[in-house]
Amino acid sequence: MARLLLVEDDLTIRTPLLRALREYGHAVAAASTALGGLRDALDDRPDLVVLDLGLPDLDGGELLRMLRAVSAVPVVVATARDDEVEIVRLLDAGADDYLVKPFTAAQLDARVRAVLRRSATGGATETALVVGGLRIDRRARQVTLDGVPVELTPREFDLLHHLAGRPGQVVTKRELLTEVWRIPYGGADKTVDVHLSWLRRKLGESAQAPRYLHTVRGVGVRLDVPERNR
């Protein structure tokens with residue numbers, strides 16, 4: 001039985017969702033404000049947070065930022081905002097998935113179970129990935145390069161972790177958008193290029209002088225061990 005925290009201020013939405021999620025076999029607590037949700041998430045340590053954005057005290061995006069500063073708890077954003085830029089921003093800020101209202105309880109349950117499966121698999125099979133001088137600790141969400149800490153955003157970390165799990169393999173933008181951003185391939189593919197550029201800069205390299213991140217034109221990107229680390 002998964003322990004969920006539903007952060008939703010609208011009683012007409014919160015009440016039926018609580019009832020339905022419990023019927024699906026989850027143990028569900030609820031909070032109606034951002035600060036109440038933050039307190040409950042830290043005190044009760046749920047397995048997953050379902051987060052509305054239109055909260056009365058703080059925007060849910062701000063709560064997501066606060067949560068990510070202190071916790072790796074999976075977060076599914078449930079929002080009426082369907083703007084692609086907003087969705088990408090939330091995923092970059094550390095959301096694990098999103099649903100645009102209106103949605104059914106069955107759809108939410110399916111997303112919750114999918115995120116919980118990914119979270120359980122990632123935590124059970126590894127503690128860290130090592131590729132050359134890179135060490136990527138999934139549980140602590142920390143990266144070091146030749147022993148020096150590298151400060152990454154949540155999405156930069158997820159991108160690097162995904163590539164490091166497939167060293168020497170070419171990973172397409174389609175796969176990165178689907179597996180890292182959890183959004184369909186389309187106009188948002190430029191966000192991959194932008195994040196790769198930021199990630200390269202933090203790893204001390206560039207597209208013209210790559211060490212770890214190699215672009216395969218027209219196909220995708222490959223993470224390789226630099227020659228001096230082989």
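## Salt bridges

A salt bridge here is a side-chain nitrogen of Lys or Arg within 4 Å of a carboxyl oxygen of Asp or Glu. The model is predicted. By this rule it holds 19 salt bridges. One of them pairs Asp 47 with Arg 3, with the closest N and O atoms 3.8 Å apart. Asp 47 sits in the loop between helix H2 (34–44) and strand E3 (48–51), and Arg 3 in strand E1 (residues 3–7), so the pair ties together parts 44 residues apart in sequence. Asp 47 is partly exposed, at 30% relative accessibility. Arg 3 is also partly exposed, at 37%.

Asp 59 and Arg 81 meet at 2.6 Å, N to O. Asp 96 and Arg 68 form another salt bridge, at 3.1 Å. Asp 96 is in the loop between H4 and strand E5 (97–100), while Arg 68 is in helix H3, 28 residues away. Asp 96 is partly exposed at 26%; Arg 68 is buried at 18%. Shared partners join Asp 59, Arg 81, Glu 86 and Arg 89 into one network.

## Nonpolar cores

The largest nonpolar core has 49 residues. Among those with the most contacts inside it are Leu 160, Leu 163 and Leu 223. Helix H6 (residues 154–164) gives the most to this core, with 5 residues. A second, separate core has 18 residues, including Leu 17, Leu 108, Val 112 and Val 115.

Four strands form an open sheet in the order E6-E7-E8-E9, with antiparallel pairing. Strands E6 (128–131) and E9 (148–150) are the edges, each pairing on one side only. Neighbouring strands are turned by 25° against each other on average, direction ignored. E6 and E7 (residues 134–137) are joined by 4 bridges. Val 131 has Leu 134 as its bridge partner in E7.

H6 lies across E6, E7 and strand E8 (142–145), at about 115° to E7. H6 is mostly covered, with 9 of its 11 residues buried. Among the buried ones are Phe 157, Leu 160 and Leu 163.

## Helix H1

The 13 residues of H1 (residues 11–23) should span 18 Å at 1.5 Å a residue, and the end C-alpha atoms are 18 Å apart, which agrees. The buried residues of H1 are Arg 14, Leu 17, Leu 18, Ala 20 and Leu 21. Just after H1, Gly 25 takes a positive phi of about 100°.

Notes. Residues numbered from 1 in each chain as written. Predicted model: local features only at pLDDT ≥ 70, side-chain atom pairs only at ≥ 80, totals over all residues. Heavy atoms only, no water. Core = buried A, V, L, I, M, F, W, Y, C linked by side-chain atoms within 4.5 Å. Buried < 20%, exposed > 50% of the residue type's maximum accessible area, 1.4 Å probe, protein only. Helix = DSSP H or I, 4+ residues; strand = E, 2+ residues; numbered from the N terminus. Expected span 1.5 Å × (residues − 1). Pairing = 2+ DSSP bridges. Axes fitted to C-alpha atoms, helices over the stretch in contact; angles between N-to-C directions. Contact = heavy atoms within 4.5 Å.
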